[in-house]
Amino acid sequence: MNSTLASMVMEMGGISMKIAVLSGKGGTGKTMVSVNLAAAAQRAAYLDCDVEEPNGHLYFKPENPVEEPVSVKIPKIDHDACSGCRQCVDFCKFNALAYINKKVMVFDDVCHACGGCAIVCPERAISEWDKTIGKLLSGTSETVEVHSGFLKPGQASGVPIIKEVLAKAPGDGTLTLIDCPPGSACVVMESIKDADYCLMVAEPTLFGAHNLAMVHELVRLFEKPHGVVLNKCLEDSPNPSEVFCTEQGIPVLGEIPFDLELGAINSNGQILVRAQAHYAALFSELLLKVKEADARETAPDSQR
Amino acid sequence: MKIAIPVDENHPGTAVCASLARAPYYLIKDTVSNELTFIENTAANSQGGAGVKAAQLLVDQQIEALLTPRCGQNAAEVLTAAKMKIYKTEYPSAKENLTAFNSGLLATLNEFHAGFHGHGDGGH
Amino acid sequence: MKQLLILSGKGGTGKTTVASAFVALSKAKAFADCDVDAPNLHLILQHSDEQPVLTPYYGLQKAVIDTESCIECDLCRESCRFDAIENLKEKGGYVVEPFACEGCSVCEAICPVGAVRMHPAVAGELKLYKEGAVFSTAQLKMGSGTSGKLVSEVKKQLKEAVQVLPEAVDLAIIDGSPGIGCPVIASISGVDLVLIVAEPSVSGVSDMKRIIETARQFQTEVVVCVNKYDTNPGQTREIEKLCETLQLPFAGLIPFDGMVVEATNRGQSVVAFPCSSGKAIKEVYAKVMKLLFEGVPKRVTGFHNIPVVD
């Protein structure tokens with residue numbers, strides 16, 4: 001998006017462009033929240049960056065799905081040109097190459113596609129080919145544009161797929177929900193890199209608060225405006241995650257109650273906001289709160 | 001010929017190590033000179049591709065027979081390409097397995113497990 | 001020493017709840033938390049003031065640019081396949097973003113003036129508690145690659161600490177990592193039995209299948225139990241049918257129980273309280289221990305008692 005358009009959008013009241021939904025651990029409700037926020041908006045894009053275990057498409061069941069393979073460049077050896085110097089084997093930090101019976105062997109699944117062996121080979125005996133490591137699945141579900149990334153099991157890194165999924169974000173200011181992988185590892189960092197706002201989902205347990213603290217550290221490191229939505233809240237029960245938010249001055253944008261009916265609908269792969277009106281209201285309200293919070297952060301004079 | 005066994009310690013009474021690629025040492029028995037030596041396994045601390053690196057190490061040592069409790073797919077691919085014979089160990093100590101091997105009592109290892117891909121950027 | 005590994009595929013299914021309950025019930029003298037990204041087991045099981053033995057864990061090396069020697073030829077940034085190098089005025093020139101650096105060392109090789117060097121980088125920390133029971137765990141540093149190797153180190157640390165104990169230990173309980181990637185594969189290696197704590201949901205079933213697939217590749221025996229089964233009896237039945245089809249032993253059903261949250265928040269295992277989930281977990285525990293110590297019967301259908309669930 002060019003700078004003139006960007007400032008126009010900001011003047012219009014800070015429309016949230018990209019919201020990353022994350023949590024310290026799996027199972028807190030990241031996918032439920034990101035899927036339902038996307039469905040509650042008039043129009044939105046949903047990007048599933050949890051490429052090891054994507055689940056969003058199970059809810060959206062996108063129509064007219066289109067698949068695109070994602071590939072990385074893996075070395076290919078010209079055995080005739082190879083002089084057996086073994087510089088490639090010695091160079092590879094990932095141990096993806098071996099020299100056996102006068103031939104260089106390549107181990108695709110261990111290779112990180114850095115291109116280093118091709119660079120160091122004095123005989124120029126190494127070229128590259130595109131190896132498929134996963135795919136993108138794109139389609140629509142009513143008002144939502146759905147893009148999911150899938151990493152083939154056993155592959156070295158999901159980062160190239162996450163990059164492709166993020167590249168699918170519509171560039172026209174459409175609200176985009178990014179469903180992040182759990183935890184705070186590098187795949188999460190990659191997923192939130194371009195986000196305008198980070199919404200952290202937390203459970204009301206000791207574990208939940210502990211895991212929230214970890215992911216909070218991450219969003220602060222990346223200087224992302226952030227807020228929390230408390231999930232599976234029990235009435236009249238102390239909420240360690242809420243306490244943490246108060247202590248740290250983190251805005252709590254909403255509370256989703258623990259609700260057996262909600263759990264049942266969700267665990268059957270249905271989208272709450274499309275199933276019951278009161279859930280539609282709950283998530284629309286949450287979406288509004290997130291937009292307001294982001295607008296407050298996106299003051300015209302803030303650096304982005 | 002030279003026989004290798006992944007072991008926990010570098011002395012003759014050592015136990016066999018449960019892992020091939022990350023064993024701290026390899027015991028090497030030279031049947032011609034009858035010498036018993038130990039080499040450090042430089043692949044043990046690799047982030048990833050330990051199987052490949054360990055197998056390369058064994059091939060470079062001109063090992064002809066490997067006695068091991070298990071072997072990963074990547075190591076197996078390297079060793080098979082090098083025409084190294086792989087046998088399954090049946091006893092806890094290295095010595096017992098050497099004796100069994102000499103009497104032709106060890107079976108070849110035919111099942112190779114999927115890699116651990118235990119590298120620092122797995123699922124990066 | 002028999003090793004029991006508890007996995008779930010998906011996060012949040014109750015793996016740690018079950019693992020901590022098993023440790024409490026067995027009074028296990030050895031246990032480990034392999035969820036190095038977000039370890040939680042210590043919140044229930046480790047309460048003393050004991051300072052654990054800490055060992056830094058080094059991951060892949062990271063590239064560092066010496067801006068003084070740098071001639072700004074841009075070769076490093078151009079050849080970095082991971083977009084980890086940028087020319088930033090505010091940082092004084094060319095810098096490597098350590099979180100994006102994968103340690104390939106192409107930049108070091110390509111720099112014409114030797115201004116880029118690879119440096120050891122701490123990617124986490126191993127922790128070992130030894131008073132009372134041996135408890136091995138680790139914390140991965142934020143932003144590091146999820147590490148199968150660190151999981152292997154946690155298990156190695158456990159094994160080595162157990163070996164120096166005066167009395168033999170017959171059982172080790174390992175709280176595994178979520179997911180299906182390298183850390184899970186690393187946890188499976190060498191264990192005697194895997195208990196899958198399954199969640200009755202579309203995503204829970206999908207992830208469970210992937211775990212079973214992985215465990216099978218390792219020829220490791222698997223037993224399944226369903227947690228919070230009453231939140232979705234339909235999906236619970238699907239899981240039971242899957243176990244029947246695959247002839248996997250079934251260890252039982254655990255109901256959803258608010259007591260779990262309360263017990264957890266008090267830093268205690270749910271089996272310390274009289275409640276429905278505690279009772280169910282005890283039954284699952286009994287079945288699992290039998291399988292672990294007596295072996296899994298060779299594929300015989302009808303082995304398990306499946307309670308009828310509507």
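**From the chain to one helix**

Author: In this predicted model, among contacts in chain A between residues at least 6 apart in sequence, 77% join residues at least 24 apart. The secondary structure of chain A comprises twelve helices and eleven strands, and 53% of its 304 residues count as buried.

Reader: Turning to chain C, how many residues does helix α10(C) have, and what does it reach from its first C-alpha to its last?

Author: Helix α10(C), residues 276-294, has 19 residues and reaches 27 Å between those two atoms, which is close to the 27 Å expected at 1.5 Å a residue.

Reader: Which residues of α10(C) are buried, and why do they lie on the same side of the helix?

Author: The general idea is that an α-helix has 3.6 residues a turn, so residues three or four places apart point the same way. In α10(C), the buried residues are Ser277(C), Gly278(C), Ala280(C), Ile281(C), Val284(C), Tyr285(C), Val288(C) and Leu291(C). Because they cover an arc of only 150° around the axis, they are placed on the same side of α10(C). On the other side of this helix, Phe293(C) and Glu294(C) are exposed.

Reader: What covers the buried residues of α10(C), and which residue just after the helix takes a positive phi?

Author: The cover includes the strands β1 (2-7), β11 (193-198), β12 (222-227) and β13 (250-254) of chain C, together with the helices α1 (15-26) and α9 (258-265) of that chain. Just after α10(C), Gly295(C) takes a positive phi of about 90°.

Notes. Residues numbered from 1 in each chain as written. Chains lettered and ligands numbered in written order. Predicted model: local features only at pLDDT ≥ 70, side-chain atom pairs only at ≥ 80, totals over all residues. Helix = DSSP H or I, 4+ residues; strand = E, 2+ residues; numbered from the N terminus. Expected span 1.5 Å × (residues − 1). Buried ≥ 20, exposed ≤ 12 C-beta atoms within 10 Å, placed from the backbone. Arc of directions from axis to C-beta. Contact = placed C-beta atoms within 7 Å.
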